Amino acid sequence: MSGHELEAHGAPQTHGPEEHTHPSPRRYIEIAVVLGIITIVEVFVLYLPNMGFESFRPFLVPIFIVLSAVKFVTVVGWYMHLRFDEPFFRWIFGFALLIAMTIATAFIALFHGIYF
Amino acid sequence: MATAITGHGRVLEPAHGDDHGDDHGGGHEHEHPTSMGVNSVKLLMWTFIASECMLFGTLISIFLAYLNKGKGPFPHEVYDIPYTSVSAFVLLLSSLTMVLALAACQANDQRQLRIWLVATAFLGLVFLGGQYFEFTTFKTHEDVWLNTNLFGTSFFTLTGFHGAHVTLGAVWLLSLWMYSLRRGIPPSKSLFVEIAGLYWHFVDVVWIVIFTVVYLVPTALQH
């Protein structure tokens with residue numbers, strides 16, 4: 001269980017047998033602002049090479065993957081409450097994610113001639 | 001106070017709170033001890049999400065496998081990234097309104113709950129409207145459709161499936177909103193909202209991946 005102090009409704013929001021604590025609405029809004037900023041940064045970075053920063057081009061894809069991963073983990077962890085919920089749910093989701101990523105890697109390698 | 005001990009030795013106690021008829025306090029009405037010590041409804045939802053994860057993983061894989069193969073037009077020739085980024089932002093915003101709906105439900109603020117539920121469904125419909133506009137633009141101005149080329153087939157299958165999920169989510173949220181208008185959703189039934197929220201956030205998470213892998217990366221590779 002997390003130790004977040006919640007103030008928005010006067011008391012921590014708890015639910016379930018193990019009394020998981022959810023973040024406050026204020027924290028949810030802060031997270032949304034961060035997610036919005038990351039989205040703006042993604043679009044800005046895409047056009048950097050066109051604005052004279054040609055040296056950025058090789059880094060575009062890695063930057064997009066990192067920023068996307070940050071957004072993904074933030075939504076799953078905070079909005080879907082996975083970081084506050086049962087660890088078993090993390091295993092279920094993580095396992096499915098691993099399979100999906102393995103399939104994607106295998107397809108890309110197979111169809112684009114990348115061999116490991 | 002009645003308590004129960006789970007298979008893992010955890011003691012389950014009903015949460016404290018005001019009683020409202022069938023409302024048994026602040027905990028979930030449907031939560032009950034299971035042999036695994038986890039909520040069975042949530043377990044079902046996470047298992048469903050896991051299966052959806054693999055479905056979308058496969059669809060995204062197919063898009064990537066066919067990326068820049070066969071005849072054109074190719075992705076970077078038809079995309080309008082600023083437009084799509086606004087759609088992505090709208091869906092992100094709908095995730096915020098969804099968690100605010102859950103927070104309002106848990107705080108037993110019925111008015112806020114209804115506002116945020118309908119706001120979430122509205123933002124979902126705005127996203128769908130944007131997707132419809134994008135699809136029709138691709139078809140009429142760019143001459144790209146399901147049977148045009150490999151890009152058209154994989155793109156419309158992937159984003160079409162996602163759009164269908166958003167549609168289902170919007171219908172689910174509007175159903176919850178109508179239910180809340182008629183009977184209200186007390187904190188003891190907040191699991192209804194939480195499960196719908198899990199689905200909605202998953203749809204948002206899938207779009208985060210699609211926006212990057214299907215829109216940004218192909219554009220970056222071809223500029």
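The expected span of a helix is 1.5 Å times one less than its number of residues. Helices here are DSSP runs of H or I with at least four residues, strands are runs of E with at least two, and both are numbered from the N terminus.

Good morning. What I present is a predicted model, in which local features need pLDDT of at least 70 and side-chain atom pairs count only at pLDDT 80 or more, while totals for chains, interfaces and linings use all residues. Residues are numbered from 1 along each chain as its sequence is written, and chains are lettered from A, with ligands numbered from 1, in the order in which they are written.

I begin with chain A. It contains three helices and two strands, arranged along the sequence as β-β-α-α-α. Of its 116 residues, 27% are buried, meaning that 20 or more other C-beta atoms, placed from the backbone, lie within 10 Å of the residue's own. The mean pLDDT, the predictor's confidence in each residue on a scale from 0 to 100, is 84 for chain A, and 81% of its residues reach 70 or more. Over residues 1–19, however, the pLDDT is below 50, although this stretch has 42 contacts in the model beyond near neighbours in sequence. A contact requires C-beta atoms, placed from the backbone, within 7 Å. Where pLDDT is low, the predicted coordinates should not be read in detail.

Now to the helix I promised, α2(A). Its 20 residues should span 28 Å at 1.5 Å a residue, and the end C-alpha atoms are 27 Å apart, which agrees. Its buried residues include A:Leu60, A:Phe64 and A:Trp78. Against what do the buried residues of α2(A) pack? They pack against α1 of chain A and against α3 and α6 of chain B. After the helix comes A:His81, with a positive phi near 60 degrees.

Chain B has six helices and four strands, in the order β-β-β-β-α-α-α-α-α-α. Buried residues account for 46% of its 223 residues. Among its contacts with a separation of 6 or more, 74% join residues 24 or more positions apart; the corresponding figure in chain A is 31%.

Next, the contact between the chains. Chain B contributes 51 residues and chain A 46. On the chain B side, α1 (40–65), α3 (81–106) and α6 (190–222) each supply at least two residues, and α1(B) provides the largest share, 14 residues. That side comprises 31 nonpolar, 16 polar and four charged residues. Here Ala, Val, Leu, Ile, Met, Phe, Trp, Tyr, Cys and Pro count as nonpolar, Asp, Glu, Lys and Arg as charged, and the others, Gly among them, as polar.

B:Leu216, in helix α6 of chain B, illustrates the arrangement. Why is B:Leu216 classed as buried? Because 27 other C-beta atoms lie within 10 Å. Not counting residues up to four places away in sequence, B:Leu216 touches A:Glu42, A:Leu46, A:Phe64 and B:Phe211.

How values were computed
Two residues are in contact if their C-beta atoms, placed from the backbone, lie within 7 Å. A residue is buried if 20 or more other C-beta atoms lie within 10 Å of its own, exposed if 12 or fewer, and partly exposed in between; C-beta atoms are placed from the backbone.
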